[in-house]
Amino acid sequence: MAITIAAVLAIGCKKDPPPPPAEPPAAPKSSFAKDPLVGAHVQKVTGCVHEEKMGFDPTTCKALGPWMEAKDGFEDGQADEKLVKMLEQEELKIRAMGARKLLVFGRRYRTDKVLAKRVLDAAKVEKVAGIATYLGAAVARIRASETQTFDRIRELAFKHELGEMRRAIVSGVAFFNLDMAAAFELVRDLGESSDKDMRETVIAALWDGGMDRPDETCKLWRAHLDDRLSENAAALSAKQLALWGRCQTHLDALLDSVEARVQQNSVTDERFLQALGHLCVDQLATTPQRARAFSAARDLATRTTAPPAVRVAALRSSQICKADEGRALAVKLVDDANGQVSEVARQLAAPPPR
């Protein structure tokens, strides 16, 4: 059959089919995949998703638990050399595995100069927040005096580009270096950071890190009672000042701060009221101090404009400070319009067991 001109034109105009899509390059296999100690874990854990901020999710990464629980070959720092080498890899998930495991099982790297410096080298260049949280905590455990690495640790705490790295170091460096006044001073000085999260980290870190320097620690918490930059730092300072058991000379300052907040109707964090309850159980607190604490708690418990969580904390602290009067206050609030307050009031209004 003769081919028509129209058919020829149609064939000539037909476009060539697009080339098939290229196969994605195979992911390079880690040199750790066949390692007799970590290989089986590497093959499973690296199949999990690793988020930039949160890292591996233990609820979806079922292989993470067995990796973190494995003890044989890891206890007492047996595998520190291998775990540090994992920190030095380009593969993100390998670094993440190494950082988590080193934090829990690492021992030798804390006092070994060479290993400590390699950990610090890895921390310096780490740019993934989900890894930095664990790696920074591992850095904090390095014995700076034995490894002669304090200057480098300090530089990371002040200058690393990731807040997660800086805060993780600050969370533990004073406690793991109690023999060094400089480590305490590092943490103390960062209490004046413009980073709100760092200020709260400092307040929390000195619960353990300041145990050998109670006077300085108590003064720092007192100084942050009216922290204008971080309400969290102020609230945590109030709670720890009352709870630590070594800051009794600052209890009047604590009461002054909380009373001013109550008067200004500016209490938004229940930890201020929890601090009053802790003050009242302190055996060295005076009767007038307990009376002031009860009065402030009572005023807030009945203030309907205060947040419910604050009122509940105030109600609980009022009963801690004065059992009978606190119970009478609870009786008055059993029908409070706020369900959360009325429920706790009903619990506290019940007569004590005989």
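**Close-up 1. Helices that line the second largest pocket of the predicted model.** Both α6 (113-125) and α9 (150-159) contribute at least two residues each to the lining of the second largest pocket, and α9 provides the largest share, with four residues. The lining is made up of Leu120, Lys124, Lys127, Arg152, Glu155, Leu156, Lys159, His160 and Glu161, which by class amount to two nonpolar, one polar and six charged residues. The space within this second largest pocket comes to about 150 Å³.

**Close-up 2. Helix α6 and the elements packed around its buried residues.** The end C-alpha atoms of α6 lie 19 Å apart, which agrees with the 18 Å that its 13 residues should span at 1.5 Å a residue. The buried residues of this helix are Leu115, Ala116, Arg118, Val119, Leu120, Ala122 and Ala123, and they pack against α4, α5, α7 (129-140), α8 (144-147), α9 and α10 (163-172).

**Close-up 3. Helix α7, one of the elements against which the buried residues of α6 pack.** With twelve residues, α7 reaches 16 Å from its first C-alpha to its last, close to the 16 Å expected at 1.5 Å a residue. Ten of the twelve residues are buried, and α7 is therefore largely enclosed by the rest of the structure. The buried residues are Ala129, Gly130, Ile131, Ala132, Leu135, Gly136, Ala137, Ala138, Val139 and Ala140.

**Close-up 4. Glutamate 90 in the loop between α4 and α5.** Glutamate 90 is found in the loop that runs between α4 (80-87) and α5 (92-105), and it counts as exposed because its relative accessibility is 79%. Between the C-alpha atoms of glutamate 90 and proline 351, which are 261 residues apart along the chain, the separation is 64 Å.

**Close-up 5. Helix α18 and its covering elements.** The 14 residues of α18 reach 20 Å from the first C-alpha to the last, close to the 20 Å expected at 1.5 Å a residue. Since ten of these 14 residues are buried, α18 is largely enclosed by the rest of the structure. The buried set consists of Val310, Arg311, Val312, Ala313, Ala314, Leu315, Ser317, Ser318, Gln319 and Cys321, and what covers these residues includes α16 (271-281), α17 (287-301), α19 and α20 (339-349).

**Close-up 6. Packing of helix α18 with helix α19.** Helix α18 (residues 308-321) packs with helix α19 (residues 323-332) at an angle of about 150°, and their axes are 5 Å apart. On the α18 side the contact is made by Leu315, Ser318, Gln319 and Cys321, while Ala323, Gly326, Arg327, Leu329 and Ala330 make it on the α19 side. By class, five nonpolar, three polar and one charged residues take part in the contact. The contact residues of α18, namely Leu315, Ser318, Gln319 and Cys321, are also among the buried residues of this helix.

Notes. Residues numbered from 1 in each chain as written. Predicted model: local features only at pLDDT ≥ 70, side-chain atom pairs only at ≥ 80, totals over all residues. Heavy atoms only, no water. Axes fitted to C-alpha atoms, helices over the stretch in contact; angles between N-to-C directions. Contact = heavy atoms within 4.5 Å. Nonpolar A, V, L, I, M, F, W, Y, C, P; charged D, E, K, R; others polar. 1 Å grid on protein atoms, 1.4 Å probe; cavity = no way out; pocket = protein on both sides within 12 Å on 5 of 7 lines; lining within 4 Å. Points joined across faces, edges and corners; volume = space filled by probe spheres on them. Buried < 20%, exposed > 50% of the residue type's maximum accessible area, 1.4 Å probe, protein only. Expected span 1.5 Å × (residues − 1).
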